[in-house]
Every structure is written in structure tokens, then in C-alpha cells.
Amino acid sequence: MRTLVTVGLCVTFGWSVGAGARQPADKPLAIQRLAAKTLRVYEAPEADQGVAADARSFYAIDNTVIAKYDTASGAAIDKWMGPVGGLIRHMNSCLVDAGRLWCANSNYSQTPMGSSVEIFDAATLDHVDTHSLGMTEEGSLTWFDRYRGGWVAGFAHYDEDGRLSYKDHSFSSVVTFDADWRRTGGWLFPATALARMAPHAASGGAIGPDGWLYLLGHDRPEMYVAGRPPMGPTLIHLATIDLEAEGQAFAWAQDGSRTIFAIDRRKGLVRRIEIPPLKQVDRRAALPLR
């Protein structure tokens with residue numbers, strides 16, 4: 001004969017309230033609304049997908065084109081061009097790091113989705129290396145940045161061209177990798193930002209000097225700022241910033257300032273824009289990536 005024993009179970013949500021423990025924020029953070037200021041405008045007809053930058057130059061990016069410009073004068077310096085429909089099909093963004101230009105490439109608008117990282121010498125624009133991610137069920141690689149000795153990257157799904165029949169833009173996400181591009185984790189985009197990016201996703205992303213993650217969508221003239229959640233899988237939407245940029249990939253200036261390089265693809269322009277600092281953020285509700 002078996003005896004049934006009933007055990008009482010008390011479930012609580014949030015942080016433990018024992019001695020020295022932190023409690024979560026009392027309510028969700030209000031999304032800050034801020035405005036950026038354009039400091040300078042450059043003509044760069046190649047600026048269709050994004051822009052990268054180092055200490056002295058910026059690089060206007062198109063699907064199969066990288067054009068290098070002098071930041072001080074705005075003069076064109078050099079250009080790399082690949083064949084349309086060639087092995088490099090759709091460069092979405094690039095990042096200058098350690099003298100190299102690391103670029104996110106995908107086979108958009110083909111399916112199944114595949115992506116690669118293409119690497120160029122920043123001084124000469126010679127193509128020097130490649131790393132294929134192969135078929136990427138996460139979506140098309142659109143941007144990446146250095147993160148904790150590895151990488152943090154954005155992957156896009158779409159409601160229109162290039163979509164998978166069983167996934168829409170809401171399946172876009174942020175993924176973390178180690179230095180060898182092995183997946184280590186990731187987050188969902190906050191619904192409030194994702195709705196603003198529909199029917200596309202984040203075309204540009206980078207960690208700012210304050211450690212928060214800054215994102216640009218596909219075409220709206222606004223930037224979204226996100227933080228790591230203290231628990232759970234979804235980024236926290238901290239702020240929306242109005243600015244003169246029609247989405248796409250951008251780059252932080254490498255002088256430590258709060259300025260970015262961003263593009264106006266319809267006018268073929270690169271703009272240097274000052275990004276305002278966020279108001280104080282409750283660290284019980286959101287954490288910086290760095």
C-alpha cells in the first residue's frame with residue numbers, strides 16, 4: 001500500500017529578497033525619446049547599405065562595393081568592386097578592427113539563407129580572408145561587433161523579399177559567438193523596437209561607448225537603444241533616438257566620442273551625427289553589454 005504525501009509549494013517570481021539580495025525594478029522602464037544632431041555631411045554615392053569608420057577614414061558600403069574616403073577632407077581615396085551576382089552578393093555592413101575591414105555578407109534575397117564574413121585590408125582594400133557561416137537558420141547576417149572576446153551579431157528575417165515561408169521579421173534576433181564563430185547565446189529583439197523595424201529587421205547595430213546596444217532599422221530615421229535583460233531572453237528597449245539617417249548600417253567614431261557615421265541612401269550621403277547620452281537607467285531593469 002502506497003501513501004500519498006502532499007507537499008506545499010510556494011512559488012515566487014523575481015529576485016530573492018534575502019539579506020543583501022537585489023529586487024527587480026518596480027515597473028517596466030519608460031522608453032526614452034531623444035534627438036540626435038547632425039555635425040557634418042559627406043557626399044558618397046556608394047553609401048547604399050552602410051558605412052564603416054576608423055580614425056582617419058570612412059568606408060561607404062554597397063552590395064559589392066567598398067569606397068574609402070578621407071574623413072578630414074571628404075575626398076575619395078580608393079575603391080574595391082566585386083562583380084554583381086558574384087561570390088560576394090550582399091554586403092550589409094562592415095567593421096574596422098585591427099587594420100582590417102570585417103564585413104557581413106549574405107546571399108539575400110535567395111533562400112535558403114546563407115551568410116559569410118568577408119575580410120579586407122583596411123589600408124589597401126585587398127580581400128584577405130573569408131569565414132563562411134554556411135546556411136544560417138537564424139536569418140541573414142546584417143551586422144556584428146566585438147563582444148567579450150568574440151562577437152555579437154544581428155540576423156534578419158523579412159516579411160517580403162528574401163523571406164522564408166515559415167518565418168517572418170519577428171524571427172530576427174541577436175546572437176553571440178566566441179572568437180571562432182561558435183554560438184554562445186543570444187536575445188530576441190524587444191517587441192516595441194521590432195514593430196518599428198517591420199517588415200524588415202535591424203540593418204545596423206553596434207555597442208556604444210556607454211556599453212548599450214544601438215540599432216538602426218531598414219528605413220526609419222530613428223535609432224533604438226537596448227540593454228541586456230537581468231533575466232529572460234529578450235533585450236530591453238531603453239530609448240528611441242530621432243536622427244537624420246534612413247536606417248541601414250552605421251559606425252561609431254573611433255575617437256571615443258558619442259558620434260556615429262550613418263547614411264542617407266536615397267541621397268548618397270554619409271552624415272556624422274552626435275548621439276545624445278541616455279538618462280540614468282535603473283540597472284535592476286537593464287544591463288549594458290559591456
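Which residues do ring pairs link into a cluster? In this predicted model, the cluster consists of Trp-102, Phe-144, Trp-151, Phe-155, Phe-177 and Trp-181. One of these rings, Trp-102, also has a charged neighbour: Arg-146 lies over its face, at 5.3 Å from the ring centre.

A pair of aromatic rings is described by the distance of the centres and the angle of the planes. A search of the whole structure finds 13 aromatic pairs. Among them is the pair of Phe-58 and Tyr-69, which is stacked, with 5.1 Å from centre to centre and 5° between the planes. This pair links distant parts of the chain, for Phe-58 belongs to strand β4 (residues 57-62) and Tyr-69 to strand β5 (residues 65-70), eleven residues apart. Phe-58 and Tyr-69 are both buried.

Trp-80 and Phe-120 form an aromatic pair with another arrangement, edge-to-face, in which the centres are 5.0 Å apart and the angle between the planes is 70°. Here too the pair links distant parts of the chain: Trp-80 is in strand β6 (residues 76-81) and Phe-120 is in strand β9 (residues 114-121), 40 residues apart. Trp-80 counts as buried because its relative accessibility is 18%, under the cut-off of 20%. Phe-120 counts as buried because its relative accessibility is 0%.

The strands themselves deserve attention. In a regular strand the side chains alternate between the two faces of the sheet. Strand β1 (residues 32-35) has Gln-32 and Leu-34 on a covered face, while Arg-33 and Ala-35 are on an uncovered one. This strand, β1, pairs with strand β18 (residues 236-242) in the parallel sense, over four bridges. Within β18, Thr-240 is the residue that stands opposite Arg-33.

The surface may be considered next. The largest pocket holds about 360 Å³ of space. Its lining has 20 residues, of which Pro-28, Pro-229, Pro-230, Ile-236 and Ala-285 lie nearest the centre of the pocket. By class, the lining of the largest pocket has 13 nonpolar, five polar and two charged residues.

The second largest pocket has a volume of about 310 Å³ and is lined by 23 residues. Nearest its centre lie Leu-95, Asp-145, Ala-206, Ala-251 and Trp-252. Which strand gives the most to the lining of the second largest pocket? It is β7, with four residues. The strands that each supply at least two residues of this lining are β3 (50-53), β7 (90-97), β11 (140-147), β15 (204-207) and β19 (251-252). The lining of the second largest pocket divides into 15 nonpolar, six polar and two charged residues.

Finally, the backbone may be examined. Most residues other than glycine have a negative phi, and most peptide bonds are trans. A cis peptide bond joins Thr-111 and Pro-112, with omega about -5°, and Pro-112 is in the loop between β8 (100-106) and β9. Another cis peptide bond joins Ala-198 and Pro-199, with omega about 5°; Pro-199 lies in the loop between α1 (191-197) and β15.

Positive phi values occur at Ala-98, near 55°, and at Leu-125, near 65°. Ala-98 is in the loop between β7 and β8, whereas Leu-125 lies in the loop between β9 and β10 (127-135). Are these residues buried or exposed? Ala-98 is exposed because its relative accessible area is 75%, whereas Leu-125 counts as buried because its relative accessibility is 2%.

Definitions and conventions:
Residues are numbered from 1 along each chain as its sequence is written. This is a predicted model: local features need pLDDT of at least 70, side-chain atom pairs count only at pLDDT 80 or more; totals for chains, interfaces and linings use all residues. Side-chain values use heavy atoms; hydrogens and water are left out. Rings of Phe, Tyr and Trp (its six-membered ring) pair if their centres lie within 6.5 Å; planes under 30 degrees apart count as stacked, over 60 as edge-to-face and the rest as tilted. Buried means under 20% relative accessible area, exposed over 50%, partly exposed in between (1.4 Å probe, protein chains only). A charge sits over a ring if NZ of Lys or CZ of Arg is within 6 Å of the ring centre and within 35 degrees of the ring normal. Two strands pair if DSSP finds at least two bridges between them. On a 1 Å grid over the protein atoms alone, a cavity is a set of points where a 1.4 Å probe fits but cannot get out, and a pocket is an open set with protein on both sides within 12 Å along at least five of seven lines; lining residues have an atom within 4 Å of a point. Grid points are joined across faces, edges and corners, and a volume is the space filled by probe spheres set on the points. Ala, Val, Leu, Ile, Met, Phe, Trp, Tyr, Cys and Pro count as nonpolar, Asp, Glu, Lys and Arg as charged, and the others, Gly among them, as polar.
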